[in-house]
Amino acid sequence: MTKLELLEEIKETLQRDDEISFDMKLEDIEEWDSLARIAMISLYDQLFELLITFDKLKKCKTVSDLVELVSNKLDS
Amino acid sequence: MAKSVFTKAKISGIVTCVPENFRLLEDEVDILYSGNIKQVNRIKKSIGLNKRHIVKGDVTTSDLCEVAANKLLNEMDFDKSTISAIIFVSQTPDYFQPATAAYLHGKLALSETCSAFDVNQGCTGYIYGLWLAHMMIETSSCEKVLVLAGDTLSRVVNPLDSTVAALFGDAGTATLIEKSNQKQDSYFTLHTNGLKFDTIIQPEGGFRTPTKKVINDKRIFEISDKRFLSDLYMDGAEVFNFSIETEPKAIKEILEMSNNTQEDIDYIVFHQANKYIISNIARRLKFPLEKTPFETTGKYGNQSSASIPCTICDAINQDVATKKVKLVLSGFGVGLSWATCQLELEKIYCPDVIFYKNEK
């Protein structure tokens, strides 16, 4: 999976209609709430069999930070 | 290690009673989600919340259990003086003293030779009740045991707290466990992580004053009109992580113990925390979702100790009433605790969910 494909997955996970980009701040994304964080944990578990902690997610500031959590699992 | 194998006991009847009164997630749009319909739809779609049946007024768990127990006693053909124990499993008893089991013992007019006690357990409570009942029969101390498991958590959540208010439903159940004439294998494992006792907690109301010295999670003290210390607090994200990490291991452990594979199991009935948690656990196990009932929360709400028996009555009662079915049952939550059993139900008494009528 490439970074762009993951971006699309994240958008769907957030159930967001508008586009998102890597440099977007999570706090500016209306859908980024506790429900979305849980959905992200589930997404990464599903895609990469990787269980990330809620604390790690809370430290993410941008969409890029979310992608960075799994950067070693992505195709370049 | 709390691992048990029993051979002498079987479940012969399960009845579930829920209040007829209900609320829909849509009803909460303004109260909990500041009119944000989109957010409500996201919760509906991903977590699977929709309708929850909750009590009105002063109706208690024991009222719901009493109706369920009466139905079971009236419809199953046996002499109720042969019941040697009644176990009430709940986080929402009628009194601190006496045990609610004693109150129910009187209401159900059981024999004086019957023991009665309460077990304080929530989401794992049904497995605890079954475990105790099986053990009591295994040692030949009892012939028949009545387990009444239920909760009315709608009465301990703050109706303005969006983290928990729309989640919980109320229910009371009655299960009869008795001596089996044939060898009947059942397996149990039970676990606790008491260091996480404050992950799901009603901090105030018991005899200990809640202070930061005792309670680790400091967010519990961030109270407002949306949550008081006497209301239920739950760290939902922690529970989610705990569930999807712990439950697949628990299922594998019980199958190893019984020397079975996933293919041998007809259904896994999980505590119905919500559809999302169950589907995540099933996916991690690679267990087919169609053999993992998950719709109870959307139909009735998260019913705590009653969710497993309610799901048996609601989703698979045609199967357990007409043939032999091999089940794994697994609860997880408040404690933190998790408990799992594997057993067989064969042609048991298991009617559709019945409804508690509101008094006019």
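Q: How many helices and strands does chain A have?
A: In this predicted model, chain A has four helices and zero strands. Helices (H or I, at least four residues) and strands (E, at least two) are DSSP runs, numbered from the N terminus.

Q: What pattern does chain A follow along the sequence?
A: The pattern is α-α-α-α. The radius of gyration of chain A is 11 Å, close to the 11 Å given by the globule rule for 76 residues, so chain A is as compact as a globular protein of that length. Here the radius of gyration is taken over C-alpha atoms, and the globule rule is 2.2 Å times the number of residues to the power 0.38. The C-alpha trace of chain A spans about 25 × 25 × 20 Å along its principal axes.

Q: What percentage of chain A is buried?
A: Buried residues account for 21% of the 76 residues in chain A. A residue is buried if 20 or more other C-beta atoms lie within 10 Å of its own, exposed if 12 or fewer, and partly exposed in between, with C-beta atoms placed from the backbone.

Q: How are residues numbered and chains lettered?
A: Residues are numbered from 1 along each chain as its sequence is written, while chains are lettered from A and ligands numbered from 1 in the order in which they are written. As this is a predicted model, local features need pLDDT of at least 70 and side-chain atom pairs count only at pLDDT 80 or more, whereas totals for chains, interfaces and linings use all residues.

Q: How many residues of each chain are in contact?
A: 13 residues of chain A are in contact with 15 residues of chain B. Contact requires the C-beta atoms of two residues, placed from the backbone, to lie within 7 Å.

Q: Which element of chain A gives the largest share of that side?
A: Helix α2 (residues 34-48) of chain A does, with nine residues. By class, the side of chain A that touches chain B has six nonpolar, five polar and two charged residues. Ala, Val, Leu, Ile, Met, Phe, Trp, Tyr, Cys and Pro count as nonpolar, Asp, Glu, Lys and Arg as charged, and the others, Gly among them, as polar.

Q: What ipTM does the predictor give the complex?
A: The ipTM is 0.79, and the pTM is 0.93. For chain B the mean pLDDT, the predictor's confidence in each residue from 0 to 100, is 95, and 99% of its residues reach 70 or more.

Q: Turning to chain B, what are its domains?
A: The assignment gives domain 1 (3-179) and domain 2 (186-351); such bounds come from an automatic or database domain assignment. The C-alpha centres of the two domains of chain B lie 14 Å apart. Their contact takes 56 residues from domain 1 and 52 residues from domain 2.

Q: Which element gives the largest share of the domain 1 side?
A: β2(B) gives the largest share of the side of domain 1 that touches domain 2, eight residues. By class, that side has 27 nonpolar, 22 polar and seven charged residues.

Q: What do the buried residues of α3(B) pack against?
A: They pack against β2 (9-19), β5 (83-89), α4 (100-107), β7 (144-152), β8 (170-179) and β15 (354-356) of chain B. Among the buried residues of α3(B) are B:Leu64, B:Val67 and B:Leu72.

Q: Where does B:Leu229 lie?
A: B:Leu229 lies in the loop between β10 (200-201) and β11 (233-234) of chain B. B:Leu229 counts as partly exposed because it has 16 C-beta neighbours inside 10 Å.
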